[in-house]
Amino acid sequence: MAQITALISAAGGVGKSILTANIGAALARLGFRVLLVDADTGLRSLDLVTGLSEKVFFHAGDVLRGRCEKMDAICASEQVPGLFLLPASLKRPEEETVDIRELGRLYAQDFDYILADVPSGISRRTLDICRGADRLLMLTAADRLSVRGADRMRSVLQEEGLPEPGLLITRFRKTSVKKYALMSVRDVRDILPLPLLGIVPEKKSIHASADHGKLFAGGPTEPGLVVMNIARRLLGEEVAYAV
Ligand SMILES: Nc1ncnc2c1ncn2[C@@H]1O[C@H](COP(=O)(O)OP(=O)(O)OP(=O)(O)O)[C@@H](O)[C@H]1O
Ligand SMILES: [Mg+2]
């Protein structure tokens with residue numbers, strides 16, 4: 001049975017798409033078969049981040065509505081064996097909603113892990129996707145706007161009876177904490193006492209990799225190691241933090 005993890009955030013632009021792709025790539029490098037589901041219907045990012053745009057033909061909506069065979073819509077990564085993508089439709093979200101639980105059922109025997117890149121915010125659409133997932137990973141940057149949104153999102157998830165999310169602190173700049181009085185990891189965790197699964201640094205190389213469709217998971221660079229450690233923590237390993 002494929003386990004479904006949804007990557008969510010209150011604020012946009014915190015790195016959900018980049019990290020969905022690279023945490024998925026890290027799990028694939030660890031030997032699992034991983035399906036990335038782009039659940040950001042109407043926008044679509046994962047094909048660019050994974051360098052698979054040229055291969056997109058069908059999308060999740062086509063699979064769910066029987067317009068193609070389930071495997072016809074899947075694009076295999078050439079960079080990382082074992083990593084696959086189910087792209088999002090570019091139709092308006094209300095025309096082509098993604099039922100992640102139904103996708104999980106359809107692909108249950110084909111993959112070990114399904115990672116869903118979810119639209120930001122606390123809309124009904126996002127909450128419906130969360131309801132279909134086995135596990136939630138909430139991303140926040142270490143700034144007051146993003147953290148306040150994440151705190152609000154946490155309350156909404158609780159009100160909806162959804163599982164407590166794991167936390168990823170993203171776009172983190174250690175040097176900015178003192179220099180610009182930005183929030184430290186401890187400040188974020190005081191407001192969001194959730195199980196911490198990773199701290200992702202702000203790096204120009206991450207931005208460039210995403211822009212060029214290059215996956216960095218498992219590489220020898222700091223971002224490569226960071227996402228590999230996140231994948232290991234998701235698998236239940238205890239991995240120490242460098243910061
Ligand atoms: N750790 C990082 N270091 C540098 N740039 C980053 C980092 N994380 C994200 N970015 C950049 O920020 C932008 C947003 O990233 P991404 O699209 O992954 O975020 P998102 O949470 O999926 O956004 P949205 O809410 O719009 O879907 C991209 O240009 C990306 O390259
Ligand atoms: Mg995105």
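**Entry 1**

I began with a pair of residues: Leu7 stands opposite Asp117 in strand 5. The model I am reading is predicted, so I kept its rules at hand: local features need pLDDT of at least 70, side-chain atom pairs count only at pLDDT 80 or more, and totals for chains, interfaces and linings use all residues. Residues are numbered from 1 along each chain as its sequence is written, chains are lettered from A and ligands numbered from 1 in the order in which they are written, and side-chain values use heavy atoms, with hydrogens and water left out.

Strand 1 and strand 5 (residues 113-117) pair in the parallel sense, over five bridges. Two strands pair if DSSP finds at least two bridges between them. Strand 1 also runs parallel to strand 6 (residues 135-141), joined by four bridges. There, Thr5 has Arg135 as its bridge partner.

Is strand 1 enclosed or open? Five of its six residues (residues 3-8) are buried, so strand 1 is largely enclosed by the rest of the structure. Buried means under 20% relative accessible area, exposed over 50%, and partly exposed in between (1.4 Å probe, protein chains only).

**Entry 2: two positive phi angles**

I then turned to the loops. Arg44 is not a glycine, yet has a positive phi of about 70 degrees. I found Arg44 in the loop between strand 2 (34-38) and helix 2 (46-49).

Ala181 also has a positive phi, near 55 degrees, and is a residue other than glycine. Its loop lies between helix 7 (174-179) and helix 8 (185-191). Ala181 is exposed, with a relative accessible area of 51%.

**Entry 3: the whole protein**

I counted elements last. The protein has ten helices and eight strands. These are DSSP runs numbered from the N terminus: helices are H or I with at least four residues, strands E with at least two.

How does the radius of gyration compare with that of a compact globule? With 243 residues, such a globule would have a value near 18 Å; the protein has 17 Å, which agrees. The radius is taken over C-alpha atoms, and the globule rule is 2.2 Å times the number of residues to the power 0.38. I noted that the C-alpha trace spans about 55 × 40 × 30 Å along its principal axes.

Of the 243 residues, 53% count as buried. I also checked contacts (heavy atoms within 4.5 Å). Among those with a separation of 6 or more, 77% come from residues 24 or more positions apart.
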